[in-house]
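Subject: Structure for your files

Hello,

Here is the structure for you to look through. My notes on pockets and aromatic rings follow below it.

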Amino acid sequence: MSTSTQAAIIADLESRRLIAQVAGGEELRRHLAGACRTLYCGFDPTAESLHIGNLLPLLALRRFQLAGHRPIALVGGATGLIGDPSFKDAERKLNPAATIEGWAERIKPQLARFLDFDRGEGAALLVNNLDWTQGCDVLDFLRDVGKHFSVNSMIQKESVRQRIGREGEGISYTEFSYMILQSFDFAELHRRHGCTLQVGGSDQWGNITAGIDLTRRLHRQQVYGLTFPLITKSDGSKFGKTESGTIWLDPAKTSPYAFYQFWRNAADADAGNFLRYFTFLPIAEIGEIERADAESQSRPQAQGILARETTALVHGEQGLAAARRITEALFSGNVADLTAEDLRQLELDGLPCTAVTAQTALLDVLVESGLARSRRIARELVASGAVSVNDQTQSSANGDEPLPPDLALHRDYYIIRRGKKNFHLAKLN
RNA sequence: GGAGGGGUUCCCGAGUGGCCAAAGGGAUCAGACUGUAAAUCUGACGCGCAAGCUUCGGUGGUUCAAAUCCACCCCCCUCCA
């Protein structure tokens, strides 16, 4: 690995607009040049799977590794027990320790998937901060670590200020201590593995700088920090959520098809940035895509490329193939052309499927499939012409009728559609 | 422990005895226009085909009638100790 590559990581991140804040500035750039450095990013187990909000830092670790550095993915088995209060407007309820532990175990392989653990001096590491926090003696911790923190400066941090200053919500001592734990992680990773850089979302700035301070005080060593920008959407809505909720990385929770569709539906104004943030395409190529889309009067290419790249990254070529098969079948084809095999494959590929009988009324199919929340809503949808079965728009008259048997594709399947892009398979049995 | 302020439909937030399934905003859904985009416009948004039924932290009470009044309880916030 050449020197220039290792140093170029910062320029690459800059060109992708991935740098929000840097602790160390020019010094960090020099530090990264010419040697394989160790950096880390933490991921708390707050659910049974990571979600696309975690994708940006995860991919960044990979970018650093590709540039010749050594990434450490940290699972917050300990910090997950406490809960990060940063920019959260309310105290969160504690989950049982066993739950957190289970989540941590499920998250590990998701982290591992993006990193290379067999790469000589740059080989990635997967650690759990529970390993050095669990047996920690309270008195020792307060004396050796706590003494380095000033509550005065802790309450100044922007990340917790709203919880302390404003009316409405307070902050427990538990959550307030989170910063100390995360700081200790950084210092400990420096001691154990020579880690000199922590990266994270910009909401982590306060925790990262606190860790830099602690490492200096504890080990008299200069370490660095770098944060990524908060991902925003052009319309101001929250990134990473859809009607159906969070976009997870676990294919059992968000199918590759749903994942693909999420990206495919990115707004024009966001697509370019998302390509920079979430793919490894060269920056010049991304610029070219943007230029072409801006000039062309027809449908843009960016979203399709974005969806293919990200889906392949997270779900592999097989997942991508499945996602594209479903997309092809539903959006560009004539469903009548689908073979029995195709339909079976759609079900296997993860298109949601519900079993129905020859007696189930359309309204009930809509409710059972989750396409409508209640029969009353289902009725409304049908009345407004939002529901189609095998490409045939249904009218109110059909609501209480079962799906006509002669309409079943290959005697077995119906493709139920609500609105423009919500599809569901109904299987006759 | 003391004093004060609160808990309303997914969220924010009005409502202080009937006109309340409950204002307004947001989110969401659908339709129109499009390109599976954005913006815009229209409609829906507790459950029910309907009659009607079930909601306003919990329980019990007052009343012809309660989200609104009373009692007790639970939870949250602020300040003091």
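How many aromatic pairs does the count come to? Rings of Phe, Tyr and Trp (its six-membered ring) pair if their centres lie within 6.5 Å, and planes under 30 degrees apart count as stacked, over 60 as edge-to-face and the rest as tilted. By this rule there are 13 aromatic pairs.

Some notes on the numbers. This is a predicted model, in which local features need pLDDT of at least 70 and side-chain atom pairs count only at pLDDT 80 or more, while totals for chains, interfaces and linings use all residues. Residues are numbered from 1 along each chain as its sequence is written, chains are lettered from A and ligands numbered from 1 in the order in which they are written, and side-chain values use heavy atoms, with hydrogens and water left out.

Aromatic rings

One of the pairs is F141 with F184: the ring centres are 5.7 Å apart and the planes at 90 degrees, so this pair is edge-to-face. It links distant parts of the chain, with F141 in helix α7 (residues 138-144) and F184 in helix α11, 43 residues apart. Both F141 and F184 are buried (under 20% relative accessible area; exposed is over 50%, partly exposed in between; 1.4 Å probe, protein chains only).

F239 and F262 also make an edge-to-face pair, because their ring centres are 5.9 Å apart and their planes at 65 degrees. F239 is in the loop between β6 (224-228) and β7 (241-242), and F262 is in helix α13 (residues 256-264), 23 residues apart. F239 is buried at 12% relative accessible area, and F262 is buried at 11%. F239 and F262 belong to one aromatic cluster with F259, W263, F274, Y277 and F278.

Charges over rings

A charge sits over a ring if NZ of Lys or CZ of Arg is within 6 Å of the ring centre and within 35 degrees of the ring normal. The charged end of R62 sits over the ring of F280, 5.1 Å from its centre. The charged end of K253 sits over the ring of W248, 4.5 Å from its centre.

The largest pocket

Domain 1 (3-228) and domain 2 (241-332) both give residues to the lining of the largest pocket, so the pocket lies between them. The domain bounds come from an automatic or database domain assignment.

Regards

Key
Helices (H or I, at least four residues) and strands (E, at least two) are DSSP runs, numbered from the N terminus.
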